[in-house]
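Keep the viewer open as you read.

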Amino acid sequence: MQLTIITDLNKCVGCKSCQVSCKEHNTGGSFGPVPDQDPYADPDGMWWNRIVGMEGGEYPEADVLYLPKACMHCYDAPCVPVCPTGASFKREDNGVVLVDYDSCIGCQLCMWACPYGVREFDEHQGVVKKCTLCIDRIEDETLAPEDRQPACVQSCPTHARTYGDLDDPDSEVARLVAEQRGFQLLPELGANPAVHYLPRRPVASAVDDSKLDSLLTGRY
Amino acid sequence: MRPTGPLLLMTGLQGLAGGVFVVLAILGFVAAPGFLHSATPGFLALLGLVLVAGGGLASTFHMHRRAAAKFILRRLKSSWLSREVATTAPFGAAAALSVLVSLVHPVAPGLERGLFIATALLGLLAMWVTAMIYATIPAMLSWRTPTTVAAMMGTGLVAGGVWAWALLVVVSRTSDTGLAIALVWALLALAVLKGVQGRVFRRARVQVESGQQMGMPGRRYRLADSGTSRTPYRTQPQVWRPLTDEERQRARGPLAIAAVLTAVLLMASGSSPVAVLAVVTAAAGVYYERWLFFADATHSSSIWLTSGAASPWEPTRKSVP
């Protein structure tokens, strides 16, 4: 079993509700707190899920893309073997990569090893923290079944994020990846991340060739 | 990545100690017959011990939660950091034994020579393992090359050799010309190696700045909002703010000056002031070399944090206020 989250980049509008709900849940959850350096003045702190904003193309055919980026729960997680104390580990039963704070010495080598920069260093506790796939929610049998999913998935207003078992060919996530050509970030680095993204579908340009010259002239 | 003091100290001092013991082991064979009966080997071993102990002490400051240090050997099978502890500790123990044998309780020259060789080999092993920590991280695009191992070990060996030469000058009031010439040649080889490493670092920067398309297939994208804290990314020390060309030159300049000055001092007639100056220039060289190694390194995640800064595609809206 390999639990994962699939994000449809066609649906993500960059509202950051997943980022905020992650922070809210995990600051008060079993793995919290997720600290800020100075939360009431200049937020410069820890986020386990960050939304990267990108721009593509040139005016007038420019577009924006939002990439929610959290732990990829890689099949060959490079952060795990480098950890000298065994604090970073990958669960054999569900593939979730976790950190045991009691064993972590805060050497940060796992942060160097992670190709995606999704591990964060907690200066207060001296340990490295990261997305847990809300393991405390998904394994909490006191919760209703619809609540047993990561906070970021549950809070997404456009349903861009889908949670499930990638190793189960009948699961929705496996179907989405197979049918819509889900892709991984930086596959050349060999981590084989479980988290996939569904690529942008081409959208017909709103500007035809006849209007292009006049638009560019007006702009410049 | 962020070049923290403990990182610079622990890697720098361990290399210097390794260099000192390699010189001591070589001198055990090639020096005059009376060398092993004099106090000089003891002083050299003491210098090496102080250096390796200093490196060990610095490593404890690199740990941010020492309470878990007792678990550090758990991942010997896969973690080069576990292996570093497992090799540096015996190196330190052998260094202490060398001091004991040379200064406190002399033994037969053959046994002493063997101990120095064993210590030097343990030192080389510890240096190699330390370098492998950095050279085996695929995400550190600047480091994943054999050049990293060669340059790290070479820097330690040459600088440690210069320190050993300086101690010999202070003790004997004359310069060991053979050792000085060998060190100048080694310095020259190291300069070439650093040039090669500079190209690797530059290639890594270019790869991140222009070639990765923000990790997205197909269309090219440029960074508009990193979604992260401001530089120097307090919670993400695997990346640091990218160095400007000016900053890079400001660090390379002193490094080159330190190397040239060290070579000149090695060729000068041996006197205590010259030796002390050589110690200072070699230490400065190690500091600047190591600072550049960490500060100028490019991590793959930089593409989502700093990419675009040096690209012709400037972001239309800066994420950094």
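Take the contacts in chain B between residues at least 6 apart in sequence: 80% of them join residues at least 24 apart. Here two residues are in contact if their C-beta atoms, placed from the backbone, lie within 7 Å. Before going on, note that this is a predicted model, in which local features need pLDDT of at least 70 and side-chain atom pairs count only at pLDDT 80 or more, while totals for chains, interfaces and linings use all residues. Residues are numbered from 1 along each chain as its sequence is written, and chains are lettered from A and ligands numbered from 1 in the order in which they are written.

Chain B holds eight helices and one strand, and from the N terminus they follow the order α-α-α-α-α-α-β-α-α. Along the principal axes, the C-alpha atoms of chain B fill a box of roughly 70 × 45 × 30 Å. Of its 321 residues, 51% count as buried, meaning that 20 or more other C-beta atoms, placed from the backbone, lie within 10 Å of the residue's own.

**Two domains**

Chain B is divided into domain 1 (1-136) and domain 2 (140-321), with bounds that come from an automatic or database domain assignment. The C-alpha centres of these two domains of chain B lie 23 Å apart. Their contact takes 27 residues from domain 1 of chain B and 35 residues from domain 2 of chain B. On the domain 1 side, the elements giving two or more residues are α1 (5-30), α2 (40-62) and α4 (109-135) of chain B, and α1(B) gives the most, with 14 residues. That side divides into 19 nonpolar, seven polar and one charged. (Ala, Val, Leu, Ile, Met, Phe, Trp, Tyr, Cys and Pro count as nonpolar, Asp, Glu, Lys and Arg as charged, and the others, Gly among them, as polar.)

**Where the chains meet**

The contact between the chains takes 48 residues from chain B and 47 residues from chain A. On the chain B side, α3 (80-104) and β1 of chain B are the elements that give two or more residues, and β1(B) gives the most, with five residues. The chain B side comprises 21 nonpolar, 18 polar and nine charged residues.

What does β1(B) join? An open sheet of three strands runs in the order β3(A)-β2(A)-β1(B), with antiparallel pairing; strands pair if DSSP finds at least two bridges between them. β3 (63-69) of chain A and β1 (221-225) of chain B stand at the edges, each with a single partner strand, so one side of each is left without a neighbour in the sheet. Strand β2 (residues 50-56) of chain A pairs with β1(B) over four bridges, and B:Arg222 is the bridge partner of A:Glu55.

**A strand within chain A**

Why is strand β8 (residues 161-165) of chain A largely enclosed by the rest of the structure? Four of its five residues are buried. Strand β1 (residues 3-8) of chain A pairs with β8(A) in the antiparallel sense over five bridges, and one of these joins A:Thr4 to A:Gly164.

Definitions and conventions:
A residue is buried if 20 or more other C-beta atoms lie within 10 Å of its own, exposed if 12 or fewer, and partly exposed in between; C-beta atoms are placed from the backbone.
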